[in-house]
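Let's take a look at the charged pairs in this one. Have the sequence and the 3D view open as you read.

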Amino acid sequence: MGFAWPWKRHKKMNEVPDELAAAEHAGAVAEKLAGSGTEPLARLRLRYAGKVQAVGFRFQAQLLAQKVGVTGWVKNLEGGDVLLEIQGTEAQLAAFQRGIEDLSQSGNTWIEARLAERERRPVEQESTFRVLY
């Protein structure tokens with residue numbers, strides 16, 4: 001007796017081959033965009049809506065952050081959205097956001113994130129990216 005999922009993933013355009021490949025892809029984008037690496041740090045607060053809870057979004061955000069080299073945090077909100085803050089160079093921030101877009105377009109993840117809010121924040125002293133509960 002086998003188990004069958006009651007739903008199917010839908011193929012999407014610009015498909016990323018799998019969940020780990022999205023983080024790899026964003027890391028490659030960050031390297032291309034990084035330039036000299038002497039850019040000042042910036043910080044963004046991002047709120048994503050859509051299918052972002054119970055689909056591995058926080059885990060994928062953490063993988064992506066490590067690949068791109070940003071610090072910050074991610075947490076679920078009670079209303080079903082996900083809030084995160086990321087800190088790095090402008091190139092790293094752009095690459096992280098591109099990685100989230102790639103995850104949303106992949107037919108191999110359950111994530112369907114839509115950027116609902118984007119706000120500049122003051123830079124903080126931190127050295128890691130973490131999942132908050």
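Is Arg 120 buried, partly exposed or exposed, going by its relative accessibility? With a value of 45%, Arg 120 goes down as partly exposed. Keep in mind that this is a predicted model.

Arg 120 also has a charged partner: its side chain meets that of Glu 90 in a salt bridge, 2.8 Å from N to O. Arg 120 sits in strand β4 (residues 112-121) and Glu 90 in helix α3, so the pair ties together parts 30 residues apart in sequence. Glu 90 is partly exposed as well, at 36% relative accessible area.

| Salt bridge | N to O distance |
|---|---|
| Asp 81 and Arg 47 | 2.3 Å |
| Arg 120 and Glu 90 | 2.8 Å |
| Arg 130 and Glu 126 | 3.8 Å |

Now for the Asp 81 and Arg 47 salt bridge. This one links distant parts of the chain, with Asp 81 in the loop between β2 (71-76) and β3 (82-88), and Arg 47 in strand β1 (residues 42-51), 34 residues away. Asp 81 is buried at 17% relative accessible area, while Arg 47 counts as partly exposed at 21%; the cut-off for buried is under 20%.

Arg 130 is partly exposed, at 36%. Arg 130 and Glu 126 also join a network of salt bridges whose members include Arg 43, Glu 85 and Arg 121.

Gly 99 and Gln 60 are 39 residues apart in sequence, with their C-alpha atoms 9.5 Å apart.

Terms used: Residues are numbered from 1 along each chain as its sequence is written. This is a predicted model: local features need pLDDT of at least 70, side-chain atom pairs count only at pLDDT 80 or more; totals for chains, interfaces and linings use all residues. Side-chain values use heavy atoms; hydrogens and water are left out. A salt bridge is a side-chain nitrogen of Lys or Arg within 4 Å of a carboxyl oxygen of Asp or Glu. Helices (H or I, at least four residues) and strands (E, at least two) are DSSP runs, numbered from the N terminus. Buried means under 20% relative accessible area, exposed over 50%, partly exposed in between (1.4 Å probe, protein chains only).
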